[in-house]
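Here are my notes on the strand pairing, for your check against the coordinates. Please read them with the structure open.

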Amino acid sequence: MECWPVLLLWGLPQMWASPDALRPPGPSHRHFPAEPLSSTGLRVLHISPFANSSWTRTDGSFWLGALQTHSWGNGSDIHFLRPWSQGKLSDHQWEQLQQVFWVYRSSFTREIREFAKMLHLDYPFVVQVSAGCEVHPGSPLKSFFHSAFQGSDILSFQGTSWVPAPDAPHGAEVVSKELNKDQYVKDTLEWLLNDICPQLVTGLLEAGQQDLEKQVKPEAWLSSGPPPGPGRLLLVCHVSGFYPEPVWVRWMRGEQEQPGAQQGDVLPNADGTWYLRVTLDVAAGEAAGLTCRVRHSSLGGQDIVLYWADGSHVPVGWIVAAVLASLLLVGGGITFWLKKRRSYQDIL
Ligand SMILES: *[C@@H]1O[C@H](CO)[C@@H](O)[C@H](O)[C@H]1NC(C)=O
Ligand SMILES: *[C@@H]1O[C@H](CO)[C@@H](O)[C@H](O)[C@H]1NC(C)=O
């Protein structure tokens, strides 16, 4: 690879309009980062809380689709989380990339601090960045660099220039204009996003192929949740331990999908697999004969089908509550007895 220019990002402008310039615009804040990423995209996230004028840290992570590949703790190098995290970069190239990230982090911190001073921004505040690229064979590369202040988008790098976020306060426009004057930073960023990022993604996809293409079958089971009302049941279908993340879970009667089912978020298990629950609120008399159907790429077209049978699913929540209640009673009793004993001893 050719030379790796040193990244001097955030040679940030010297003129934010007012301390209010960076305040979130209104109540309709989006989550940051907003868009999900495909499995052939790489995203670098970092979050930088600034507690006061002297305390800050920047912690980051690298994600290939939904899989974390690297961690980047404050004050340290980028660490590999997978045996294949170096992708196809040579040791030398990787070393240089580390240096680019060191320079980036310290420049970023310094510049943000300077702005805070200049604009009399109130501490504490948080700045976040989400940057990377998506590579799809046969279609143009998509790269992105978004930043957020206090959880709201303020600024992004689009193509070859900085653009304020659609609903961002006025300050973001001023900043974009200033940033756009710095051709060196823009060139460096373009090079990182459009040359290095896709190169890294392609290498990671190749080196990590076995891991990335693994298929793990889900387990599924039923339970009932807290009754939503008199004469009603909350049926819960749990699906756990599957990989990759896309999964299809429905409550059905025969071939008929039941409307009104509530699907939770797909949550990560500690071992890198996923968990999902889908609930259905039904009249108690109508639960029998309902099924939970699970479709997943690991099942080879053979759906998992679980039948609801009345009376066979003890509400787990109640058991937990009962156990907790008795633990509390026993614990309370012991504490009371110990206290009494101690006070008797104090007297003696
Ligand atoms: C800055 O914040 C850190 C972390 O909250 C705290 O420990 C430290 O005392 C603060 N320093 C000043 C000068 O306020
Ligand atoms: C984060 O790292 C920088 C140097 O890399 C250091 O100066 C700073 O104190 C660290 N922050 C915390 C909270 O440890």
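**Strand pairing: notes**

1. Strand β16 (residues 290-295) and β17 run antiparallel, joined by 4 bridges. Across this pairing, Val294 stands opposite Ile304 in β17. Strands here are DSSP runs (E, at least two residues), numbered from the N terminus. Two strands pair if DSSP finds at least two bridges between them.

2. The model is predicted: local features need pLDDT of at least 70, side-chain atom pairs count only at pLDDT 80 or more, and totals for chains, interfaces and linings use all residues. Residues are numbered from 1 along each chain as its sequence is written.

3. β16 and β17 belong to an open sheet of 4 strands, in the order β12-β11-β16-β17, with antiparallel pairing. Its edge strands are β12 (256-257) and β17 (304-307), and each pairs on one side only.

4. Which strand pairs with β15 over 10 bridges? Strand β10 (residues 232-242) does, in the antiparallel sense. Within this pairing, His238 has Arg277 of β15 as its bridge partner.

5. β15 also runs antiparallel to strand β13 (residues 262-263), through 2 bridges. Here Gln262 is partnered with Thr279 of β15.

6. Strand β14 (residues 267-268) is joined to β15 by 2 bridges, again antiparallel. Pro268 stands opposite Trp274 in β15. β14 and β15 form a hairpin with 5 residues between them. In the turn, Gly272 has a positive phi of about 90 degrees.

7. Is β15 (residues 274-283) mostly covered or uncovered? Mostly covered: 7 of its 10 residues are buried (under 20% relative accessible area, 1.4 Å probe, protein chains only).

Terms used
Chains are lettered from A and ligands numbered from 1 in the order in which they are written. Side-chain values use heavy atoms; hydrogens and water are left out. Buried means under 20% relative accessible area, exposed over 50%, partly exposed in between (1.4 Å probe, protein chains only).
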